Amino acid sequence: MALLDGKVAFITGAARGQGRQHAVTMAREGADIIAVDIDKQVETCAFDTARESDLQDTVKEVEALGARIIARIADVRSSSALDAAVAEGLEQFGKIDVVVANAGIYSTALLWETDDQTWDQTIDINLTGVWRTVKAVAGHMIERRTGSIVLTASVNGLVGNPISAHYAAAKHGVLGLMRSAALQLGPHRVRVNAVCPGVIDTPMTNWQGMYDRMAGHPGGNRTDYEKAARHSSILGGLGALPPETIANAAAWLASDGAFAVTGQAITIDAGLTTLPGFNHAPVQP
């Protein structure tokens, strides 16, 4: 018997990266999927954000596993769009057992150089969008007296970020939202937890600006990125982690095996947050 047999999962930011892997992993574990993402560029992101073609690739991967999937364009900045996707999912599947509030963006700027649009978009997508996602499904889960909600935070919800205070502020907020939602929904037997990824190998980290940051100078490349990522791990040879590491944790949190787990921030970072005040030389495999 698979981990999520018979369950239905609603996943935001499902077109690429961690979101797609959540959809694929949960489908492999027996769940049907309601997947949403945007189909446009977020102006303050230096890397490309999701398009409908990316979401359709997620559909193909999920259907190849024999699972059912509804995929819709929806921006987490719109409660009406999320409500419509939830309503369609309930009409077709009859229930929603799992929510993965995964949609997010990332950008860099010193706090005194961050413009209003960058701050506002980061908070609106990475924090307020998570609240909108939870709100869209909470009533249904309360009525059924069951459900598991997993929020995507970050190690930057636990520590500061030297070049992205707006991102760290949003992710710290996600953890406060998670703990408060766990308190409010717990009496209804609805569990709320968060995953805190470290350096994950997704489109959010694979772009020239990130390569330059990892290299410490303009003109960085993938090799610089991989070398620097190994500085973020205390596990020999590990660098940027595949998105499956996060999806596997979320699938367990969504499962009945985690029936007594709520209000927790699960850190998956290869030991990044246990590093001392300096980064050791990366250990080559």
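Biologist: What makes Arg189 count as exposed?

Modeller: Arg189 has 59% relative accessibility. Exposed means over 50% relative accessible area, buried means under 20%, and partly exposed lies in between, with a 1.4 Å probe and protein chains only. The value is over the cut-off, so Arg189 counts as exposed. A word on the source: this is a predicted model, in which local features need pLDDT of at least 70 and side-chain atom pairs count only at pLDDT 80 or more, while totals for chains, interfaces and linings use all residues. Residues are numbered from 1 along each chain as its sequence is written, and side-chain values use heavy atoms, with hydrogens and water left out.

Biologist: Where does Arg189 lie, and what is its phi?

Modeller: Arg189 lies in the loop between α5 (165–185) and β6 (190–197). Helices (H or I, at least four residues) and strands (E, at least two) are DSSP runs, numbered from the N terminus. The phi of Arg189 is near 65°, a positive value in a residue other than glycine. Arg145, in the loop between α4 and β5 (147–152), also is not a glycine and has a positive phi of about 55°.

Biologist: Why is Arg145 called partly exposed?

Modeller: Its relative accessible area is 45%.

Biologist: Why is Thr12 called buried?

Modeller: Thr12, in strand β1 (residues 8–12), has a relative accessible area of 0%. This is under the cut-off for buried, so the label holds.

Biologist: Which residues does Thr12 touch, not counting residues up to four places away in sequence?

Modeller: Among them are Val36, Val76, Leu82 and Thr133. Contact means heavy atoms within 4.5 Å. A polar atom of the Thr12 side chain also lies 3.1 Å from the backbone nitrogen of Ala103.

Biologist: What makes Lys7 and Asp256 a salt bridge?

Modeller: A salt bridge is a side-chain nitrogen of Lys or Arg within 4 Å of a carboxyl oxygen of Asp or Glu. For Lys7 and Asp256 the closest N and O atoms are 3.1 Å apart, so the pair qualifies. The pair links distant parts of the chain, with Lys7 in the segment before β1 and Asp256 in the loop between α8 (244–254) and β7, 249 residues apart.

Biologist: Are these two partners buried or exposed?

Modeller: Lys7 counts as buried because its relative accessibility is 13%. Asp256 counts as exposed because its value is 56%.

Biologist: How do you know that Arg68 and Asp32 meet in a salt bridge?

Modeller: Their side chains come to 2.8 Å, N to O, and that is within the limit, so the pair is a salt bridge. Arg68 lies in the loop between α2 (52–64) and β3 (69–73) and Asp32 in strand β2 (residues 32–37), so the pair ties together parts 36 residues apart in sequence.

Biologist: How many salt bridges does a search of the whole structure find?

Modeller: The search finds 11 salt bridges. One of them joins Arg72 and Glu88, whose closest N and O atoms are 2.5 Å apart.

Biologist: Which residues have the most contacts inside the largest nonpolar core?

Modeller: They are Phe10, Met26, Ile33, Ile96, Ile149 and Leu151, in a core of 83 residues. A nonpolar core is a set of buried Ala, Val, Leu, Ile, Met, Phe, Trp, Tyr and Cys residues joined through side-chain atoms within 4.5 Å.

Key
Polar contact = N/O pair within 3.5 Å; in protein donor to acceptor, adjacent residues only side chain to side chain.
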